[in-house]
Amino acid sequence: MRKNTYTFMKTAIRGVALLLAAGLVFSVQQASAKTVKVHMVAKETEIAIDNKGTKYPAWTFDGTVPGQVVRVTEGDIVDFELVNPKENKNSHSIDFHAAEVDVLGEFAPVKPGNTKHFKFKAKRAGVWMYHCGAPTMAQHIARGMYGIIIVDPKEGYNKKYPKPDREYVLIQGQYFPNADDKQAMIENRGWAGALINGKMFHYDPVHDPDASLVLQSKPGERVRIYFVNANINMPVAFHPIAGIWDRVYLNGNPENQLEDMATYNVAVSEAVTTDIVSPADRPTNNAIVDHTMSAAMRGAITVLMNKPDADPEAGKGDNILLR
Ligand SMILES: [Cu+2]
């Protein structure tokens, strides 16, 4: 009897201690979660589609293709506002792949002159596409309404998810020269270019003498790429020429991890995080490509230079999507 009472007391004390510990962890997490305001304006405007400055009648978030990089931490609340100015001719919308909401509510089209406001909790770590979903969706994406939302894991970095030395965002899209031909976009007819962050051969001075930007790192650094396939109809064979993906995090989640990959096949609308570590003992270059030749030769080649005098600011802080 006394032994039973003692065991009961011990179990009760342990239970209370566990509850206290759980409460502490919970309150720490609560305290670190924050609300992040994200404001976007749908803009129907001309943009440059290549390094020469060839104009294209784009539909955009905030006047750029892709739209702004949205970056939050797992557990944060995204407080979002989309303005569709009355000057626009079309309804637009937003579809965040990181949100679990109502497609007929939060994601519904917004008419010109109206504003949409909603909040969602970024519950799951990873990288996710966002895009306009207003009809005809193929046309709204093809004309430029897409971007990335990065939800960093609340645990932060660890052995399984090492801190990168540099980070870059690459978003691939398809260029359809006839911006009005929705049917061609749906049927994948007549696409003439592969866009990387909105331009063909954006970071490839080897194939385009007008290209002025490249990705940079120092030899031996861990470079983390956040990649989105914003194509209309084409998967992407994502491959670093003269390199190997040290790790591939499916959907950007550290729990979904592959190692030592040559090529990772990225579905339409899929986002993925990949790490590459160059040899530490000499300068090298990689060409990060869509190994699908019809895409590579139309613009999906990105040069990564690994050199001792790499720009110390490149791929750091807010400087991860080069424009
Ligand atoms: Cu739109």
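**Notes on the predicted model**

1. Leaving aside neighbours within four places in sequence, Asn 88 is in contact with Ala 42, Lys 43, Glu 44 and Pro 112, where contact means heavy atoms within 4.5 Å. Asn 88 is found in the loop between β4 and β5; helices (H or I, at least four residues) and strands (E, at least two) are DSSP runs, numbered from the N terminus. At 10% relative accessibility, Asn 88 counts as buried, a term that means under 20% relative accessible area, with exposed over 50% and partly exposed in between (1.4 Å probe, protein chains only). A polar atom of the Asn 88 side chain lies 3.5 Å from the backbone nitrogen of Glu 44.

2. Residues are numbered from 1 along each chain as its sequence is written, and side-chain values use heavy atoms, with hydrogens and water left out.

3. The chain as a whole contains four helices and 20 strands. The C-alpha trace spans about 85 × 55 × 35 Å along its principal axes. Of the 323 residues, 49% count as buried. Among contacts between residues at least 6 apart in sequence, 71% join residues at least 24 apart.

4. Which protein atoms are the donors of the copper ion? They are His 92 (ND1), Cys 132 (SG), His 140 (ND1) and Met 145 (SD), which lie 2.1 to 2.4 Å from the ion. Donors are N, O and S atoms within 2.8 Å of the metal (3.2 Å for Na, K and Ca); water is not among the atoms, so sites may look incomplete. The angles among the four donor atoms are 86 to 134 degrees, and the site is tetrahedral. Four donors count as tetrahedral if all angles lie between 85 and 135 degrees.

5. Along the chain, the donors of the copper ion follow the spacing H-x39-C-x7-H-x4-M. His 92 lies in the loop between β4 (77-84) and β5 (95-96), and Met 145 lies in the loop between α2 (137-142) and β8 (146-152), so the pair ties together parts that are 53 residues apart in sequence. Both His 92 and Met 145 are buried.

6. A search of the whole structure finds twelve aromatic pairs. Rings of Phe, Tyr and Trp (its six-membered ring) pair if their centres lie within 6.5 Å; planes under 30 degrees apart count as stacked, over 60 as edge-to-face and the rest as tilted. The rings of Phe 80 and Phe 96 have centres 5.1 Å apart and planes at 85 degrees, so this pair is edge-to-face. Phe 80 is in strand β4 and Phe 96 in strand β5, 16 residues apart, and the pair links distant parts of the chain. Phe 80 and Phe 96 are buried. By contrast, the rings of Phe 238 and Trp 245 have centres 5.0 Å apart and planes at 20 degrees, so that pair is stacked. Phe 238 and Trp 245 are both buried.

7. One aromatic cluster is formed by Phe 61, Phe 80, Phe 96, Phe 107, Phe 118, Phe 120 and Tyr 130. Elsewhere, Arg 224 lies over the face of Tyr 161, at 4.2 Å from the ring centre. Arg 298 lies over the face of Trp 191, at 4.2 Å from the ring centre. A charge sits over a ring if NZ of Lys or CZ of Arg is within 6 Å of the ring centre and within 35 degrees of the ring normal.

8. A polar atom of the His 239 side chain lies 2.7 Å from the backbone oxygen of Ala 262. Not counting residues up to four places away in sequence, His 239 touches residues including Trp 245, Ala 262 and His 291.

9. Val 266 lies in strand β17 (residues 264-266) and counts as buried at 0% relative accessibility. Val 266 and Phe 238 are 28 residues apart in sequence and 6.9 Å apart in space, C-alpha to C-alpha.

Technical notes:
Predicted model: local features only at pLDDT ≥ 70, side-chain atom pairs only at ≥ 80, totals over all residues. Tetrahedral: all angles 85-135°; square planar, octahedral: opposite > 155°, others 65-115°. Polar contact = N/O pair within 3.5 Å; in protein donor to acceptor, adjacent residues only side chain to side chain.
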